[in-house]
Amino acid sequence: MSAQLIPIYDTTAPALDSYARRIDYLRISLTDRCNMRCVYCMPATGMQFMLKPELLTSEELLLVVRAAVAAGFRKVRLTGGEPSLRPDLVELVRAIKQAGIAHIAMTTNALSLQRQAQALKDAGLDRVNISIDSLDPQKFRQLTRGGSLEKVWAGIHQAEAVGLRPLKLNAVIVRGLNDDEVVQLAELTLHNPWEMRFIEVMPLTGVANVAEDGVVATAELIAQIEAVHGPMDDLGLAAADSARRYRIPGARGKLGFISAVTDPFCASCNRMRLTADGRLHLCLLRDDEVDLRAAIRRGASQREIEQIVRHAVALKPWGHGLPDGVLPTLRGMSALGG
Ligand code: SAM
Ligand code: SF4
């Protein structure tokens, strides 16, 4: 997209989209590569990864972050692929914080978090979300095609120890794979002040077959948990969050349910995604994108990049096409960051 062809946006107010949603949360995919191959995220073989020259360099990425701050963005989440594979992760966290982002979180598979947590905390990382889809080491290895549950637990404990709190855990529930562990996963919150989040599997490119028969609706998960623990406290939908929250009576932690497929949260959506190759991806479940990298590489200034960010916000759609059978085809989840 050429910066000359877009309208001129007011730079004195935070960016609002055409539905008056304030978009102030940037989810940055640092790489599309990963050291696991979760069955609901990537196919076992045939993945085509981005080449290094296609990725935004750290300087390019920071230019986007500064432009986003100028457009009113306040929160960043680092994701991937696996963000911990980015060699300069700690320096990036520090620089993003210095650019004026108030809150930085990271979504990670935690395989290397035991080693990295302290440095990340010291650099300014506020919180982590850690993926844990099974409590059985053998099944975890199958679901992730090789991941070590032991390392994930070490990462969880280290994240807690260094103060990357409140800790959120993510589990994608897929029928026939781990829907028999929902109650056990939920029970992690009985004695820990964590938020255990259950995510409905989404039909992204490369794994649409897993999602086809795999979606377990939130209502069914809640029924499973309540059958054992009785009616839960409904804590509602926090502002600008994708999860509806509940608490098992007496539990220290909370449960969160992310029902993008059966109950989309478009009204509270405040997010925009930046892909590792420099595109603003406007909705997780649609293919619409705005190219920032081309503008950066033709020498656009921070003010021009800010205008393109504001334009992308203005173009942000409402609602996805899943109910009409319209699936996103451009990128898989590992290239989008969840
Ligand atoms: N590698 C990191 C991790 O797994 O936490 C970050 C990237 S991963 C793509 C971000 C989130 O997307 C994870 O919580 C993962 O479980 C979730 N995810 C991956 N594929 C999904 C799918 N098909 N449907 C729903 N969530 C998915
Ligand atoms: Fe890797 Fe995360 Fe995808 Fe699993 S969900 S394959 S850990 S990017």
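The crossing of helices H3 and H5 is right-handed, a crossing being right-handed if the near helix is turned clockwise from the far one by less than a right angle and left-handed if anticlockwise. The model is predicted, with local features requiring pLDDT of at least 70 and side-chain atom pairs pLDDT 80 or more, while totals for chains, interfaces and linings use all residues. Residues are numbered from 1 along each chain as its sequence is written, chains are lettered from A and ligands numbered from 1 in the order in which they are written, and side-chain values use heavy atoms, without hydrogens and water.

Helix H3 covers residues 113-123 and helix H5 residues 149-162; their axes come within 8 Å and cross at roughly 20 degrees. Helices (H or I, at least four residues) and strands (E, at least two) are DSSP runs numbered from the N terminus. Axes are lines fitted to C-alpha atoms, for helices over the stretch in contact, with angles from 0 to 180 degrees between N-to-C directions. H3 and H5 are therefore roughly parallel (under 35 degrees; over 145 is roughly antiparallel, 65 to 115 roughly perpendicular and the rest oblique). The axes of H1 (residues 58-70) and H10 (residues 302-315) also come within 8 Å, crossing at roughly 65 degrees. H1 is thus roughly perpendicular to H10, and this crossing is right-handed.

Two loops contain backbone exceptions. Most residues other than glycine have a negative phi, and most peptide bonds are trans. Ala-110, in the loop between strand S3 (103-108) and H3, has a positive phi of about 70 degrees. The peptide bond from Arg-165 to Pro-166 is cis, with omega near -5 degrees; Pro-166 lies in the loop between H5 and strand S5 (168-173).

Ligand 2 is surrounded by Cys-34, Met-36, Arg-37, Cys-38, Cys-41, Gly-81 and Asn-109, each with a heavy atom within 4 Å of the ligand. This shell divides into 4 nonpolar, 2 polar and 1 charged residues (Ala, Val, Leu, Ile, Met, Phe, Trp, Tyr, Cys and Pro count as nonpolar, Asp, Glu, Lys and Arg as charged, and the others, Gly among them, as polar).

Cavities and pockets were located on a 1 Å grid over the protein atoms alone: in a cavity a 1.4 Å probe fits but cannot get out, whereas a pocket is an open set with protein on both sides within 12 Å along at least five of seven lines, and lining residues have an atom within 4 Å of a point. The second largest pocket holds about 310 Å³, volume being the space filled by probe spheres set on grid points joined across faces, edges and corners. Of its 16 lining residues, Leu-30, Lys-52, Leu-55, Arg-86 and Pro-87 are closest to the centre.
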